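Hi,

Here is the structure for you to look over. My notes follow below it.

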Amino acid sequence: MEIYLVRHTTPKIDKGICYGQFNLDVTDSFDTEVALIKKQLPVKEAQLYSSPLLRCYKLACQLGNPISLQSQLKELNFGTWENIPWNTIPSAEIDPWMANFVTEKPPQGESYLDLNERVLNFFTKLTETPTESPIIIVSHAGPLRAFLANILGIPLKDSFDIKLDYGQVIQLCYTNNKFTVIDGLEIPVTS
């Protein structure tokens, strides 16, 4: 199977604001970013999966139809921290999370391990029904990093070493029960 992972375009939000599942719109550079993304995707029909959050859905609408919205592809849920400045989060809350973001949860949110589990469940189901059509998946940095860390053998705690820009496209191949990165990703060296 030919799979394209696409990170959403630039979101419309001020720097320094915590957001995950907060439903943001996109910036004025959207059309330009979409044109660059389209150049990296297959011309033929593709199956399209997207996070239902607006910044992904808007991009998915530009890439084809029908779109299968998948809540498993949403960004990390930061709970009560959503849409507030990082520097206003009480240290009693953020310090334990910063020390171990893989297993710690923000208040009323989810851990990175929770995100990882739902993302891996999505990809497991996806591979249960192989297809000849290319697959395009529009999501966020968190889910994409977690998935890539798993297929590259990188510990989740080091997954932020995987650089993902807005609008980045990563081509994968799934054969013989294994994902392989074909193009679009500089694979980090871990120690």
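**Helix 4 against helix 5**

Tyr112, Leu115, Asn116, Val119, Leu120 and Phe123 of helix 4 meet Gly142, Pro143, Arg145, Ala146, Phe147 and Asn150 of helix 5. Contact means heavy atoms within 4.5 Å; helices (H or I, at least four residues) and strands (E, at least two) are DSSP runs, numbered from the N terminus. This is a predicted model: local features need pLDDT of at least 70, side-chain atom pairs count only at pLDDT 80 or more, and totals for chains, interfaces and linings use all residues. Residues are numbered from 1 along each chain as its sequence is written, and side-chain values use heavy atoms, with hydrogens and water left out.

The axes of the two helices (lines fitted to C-alpha atoms over the stretch in contact, angles from 0 to 180 degrees between N-to-C directions) come within 9 Å and cross at roughly 75°. That makes helix 4 roughly perpendicular to helix 5 (65 to 115 degrees).

**Core**

The largest nonpolar core has 37 residues. Such a core is a set of buried (under 20% relative accessible area, 1.4 Å probe, protein chains only) Ala, Val, Leu, Ile, Met, Phe, Trp, Tyr and Cys residues joined through side-chain atoms within 4.5 Å. Ile3, Phe123 and Leu172 are among those with the most contacts inside it. Helix 4 gives the largest share, 6 residues.

**Strands 7 and 8**

These strands run antiparallel, joined by 5 bridges (strands pair if DSSP finds at least two). Leu172 stands opposite Val181 in strand 8. In the hairpin, 2 residues lie between the strands, and Asn176 takes a positive phi near 50°.

How values were computed:
Buried means under 20% relative accessible area, exposed over 50%, partly exposed in between (1.4 Å probe, protein chains only). Angles under 35 degrees count as roughly parallel, over 145 as roughly antiparallel, 65 to 115 as roughly perpendicular and the rest as oblique.
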